Amino acid sequence: MNPVRSLLQVFGSRKMAALLFLGFSSGLPLLLIGNTLKAWMTLEKVDLAAIGWFSLASLPYSLKFLWSPFLDRFTLPFLGRRRGWLILMQLALTVAIAFMAFQQPKQALQLLAINAIVIAFFSATQDIAVDAYRTDILDKLEMGAGAAVFILGYRLALLFAGALALILADIMPWSSVYLLMSGTMLLGIFATLFAPEPAGISPPASLADAVILPFGEFFQRRGVISALLILVFITLYKLGDALLSNMTTPFLLQIGFTKTDIGAIQVGMGLIATIVGALAGGSILSKIGINRSLWLFGILQAVSNFAYLFLAYAGKNYQAMVIAINIEQFCGGLGTAAFVAFLMSLCNQKFSATQYALLSSLMAVSRDLLAAPGGAIAQSTGWPLFFLITILAAIPGLLLLPVFAPWNPQIADLPRPGLEEEEDVWGTK
């Protein structure tokens with residue numbers, strides 16, 4: 001078959017269009033309680049250590065596996081097993097994000113934190129549903145493309161919630177910015193109504209089965225030791241990236257860049273670099289396999305943090321800023337494409353909500369818990385040493401790769417359960 005035609009068939013389907021906008025809906029809340037909120041707090045003169053610890057407001061992303069069995073077991077009486085939960089959470093997020101318009105970071109930090117936690121809970125629940133939907137709807141051949149398209153939509157949301165929000169904050173109150181952001185959740189609602197329903201997969205027979213069977217099946221299939229090492233790897237693989245991302249906005253503001261600079265370059269131009277990285281990662285993954293992609297992209301992801309180390313010494317230098325942001329975001333896009341495909345390959349479709357929630361919750365542990373002391377570390381060490389620490393933090397995850405993701409192309413990537421064996425499309429045999 002013509003490779004161009006084959007590529008168009010994979011990327012041009014209705015499910016890919018739906019995943020693009022569902023990715024947007026999934027990505028929008030993250031920055032609104034993350035870097036964009038931290039920029040607002042920084043400009044309101046909130047303590048730097050408090051800003052760093054504020055990432056704990058995103059704790060529901062790390063704990064979502066606790067309630068994910070409800071989404072595997074119960075189907076709402078509209079739009080099917082996955083889409084019913086999606087539209088309910090999207091409506092709740094629209095309201096919760098609008099409530100952020102009434103917050104005052106300096107005067108009522110606790111109320112701001114509560115609002116952010118509520119958004120994180122609804123967003124994490126939406127992620128449970130959308131991750132399960134993506135896992136259920138994609139065939140093995142489509143995993144790389146599906147991951148790349150979803151990341152594209154996700155990063156477009158970051159453009160709105162990051163670059164556009166910061167630029168708008170220079171010309172209007174933050175309250176108006178958050179009201180506008182809440183309205184963009186309509187894109188996710190329309191995508192849910194448009195999205196095709198996955199083929200019928202029987203849910204667990206009881207809530208107890210929905211809680212117990214996904215974990216038992218995962219450990220039984222992989223073996224206890226191998227499964228535990230995989231879980232540790234998932235927690236550590238993007239730790240260096242998480243530490244860096246947690247503090248880039250305060251860093252850029254402190255060395256003299258404006259909100260518009262950050263919005264246009266870090267989030268705007270960086271978005272393009274991430275999209276290119278994700279699409280390139282999906283394409284390369286289909287040629288060299290998940291295992292080798294994790295190696296190659298993980299190393300590049302770690303090395304890219306040197307760019308911010310150089311920027312810390314260069315200071316307010318626009319050329320150095322552009323180079324640092326593009327290198328780090330491109331390599332981050334590569335790593336994310338491989339990582340998302342890897343997580344999907346581990347899930348059994350019958351329990352995809354619970355298993356993917358568990359795996360992605362561990363990934364969120366790096367972003368929300370292990371990266372939380374980032375502000376305090378930067379405050380005590382200074383920016384250059386902090387960025388060196390972020391590079392060192394990437395090494396433990398890479399050291400686990402030989403255990404379950406060998407480079408040897410004769411060893412096949414982890415098979416995806418719940419699907420019949422197909423012709424190998426990962427290039428590993």
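Student: Before we start, what should I know about the model?
Tutor: It's a predicted model, so to speak of local features we need pLDDT of at least 70, and side-chain atom pairs count only at pLDDT 80 or more, while totals for chains, interfaces and linings use all residues. Residues are numbered from 1 along each chain as its sequence is written, and side-chain values use heavy atoms, with hydrogens and water left out.

Student: Okay, how many helices and strands are there?
Tutor: The chain has 22 helices and zero strands. Those are DSSP runs numbered from the N terminus: helices are H or I with at least four residues, strands are E with at least two.

Student: What share of the residues is buried?
Tutor: Of the 429 residues, 59% count as buried. Buried means under 20% relative accessible area, exposed means over 50%, and partly exposed is in between (1.4 Å probe, protein chains only).

Student: Which residue forms a salt bridge with K64?
Tutor: That's D131, with the closest N and O atoms 3.9 Å apart. This pair links distant parts of the chain, 67 residues apart: D131 is in helix 8 (residues 109-137), and K64 is in the loop between helix 5 (59-63) and helix 6 (68-73).

Student: Are those two buried or exposed?
Tutor: D131 counts as buried because its relative accessibility is 7%. K64 counts as buried too, at 4%.

Student: What does R134 pair with?
Tutor: R134 also meets D131 in a salt bridge, at 3.1 Å from N to O. They are three residues apart in helix 8, so about one helical turn separates them. R134 is buried, with a relative accessible area of 1%. Put together, K64, D131 and R134 are linked in a network of salt bridges.

Student: And the other bridge?
Tutor: K238 and D241 form a salt bridge, with the closest N and O atoms 3.4 Å apart. Both K238 and D241 are buried.

Student: Now the outside. What's the surface like?
Tutor: The chain exposes about 16400 Å², and carbon and sulfur atoms supply 71% of that. Accessible areas come from the Shrake-Rupley method with a 1.4 Å probe; for residues, only the protein chains shown count as cover.

Student: Which residues form the nonpolar patch?
Tutor: I299, V303, F306, F310, L385, L388, L392, I395 and L399, with about 830 Å² of accessible area together. Patch residues have over 30% relative accessible area and no salt bridge; like charges are joined within 9 Å, and nonpolar side chains (Val, Leu, Ile, Met, Phe, Trp, Tyr) within 5 Å.

Student: Which helix gives the largest share?
Tutor: Helix 20, with three residues. I395 lies in helix 21, and it counts as partly exposed because its relative accessibility is 39%.

Student: Last one: where is confidence lowest and highest?
Tutor: Lowest in helix 1 (residues 3-11), at a mean of 48, and highest in helix 7 (residues 80-99), at 90. That's pLDDT, the predictor's confidence in each residue, from 0 to 100. The chain averages 79, and 86% of the residues score at least 70.

Methods: A salt bridge is a side-chain nitrogen of Lys or Arg within 4 Å of a carboxyl oxygen of Asp or Glu.
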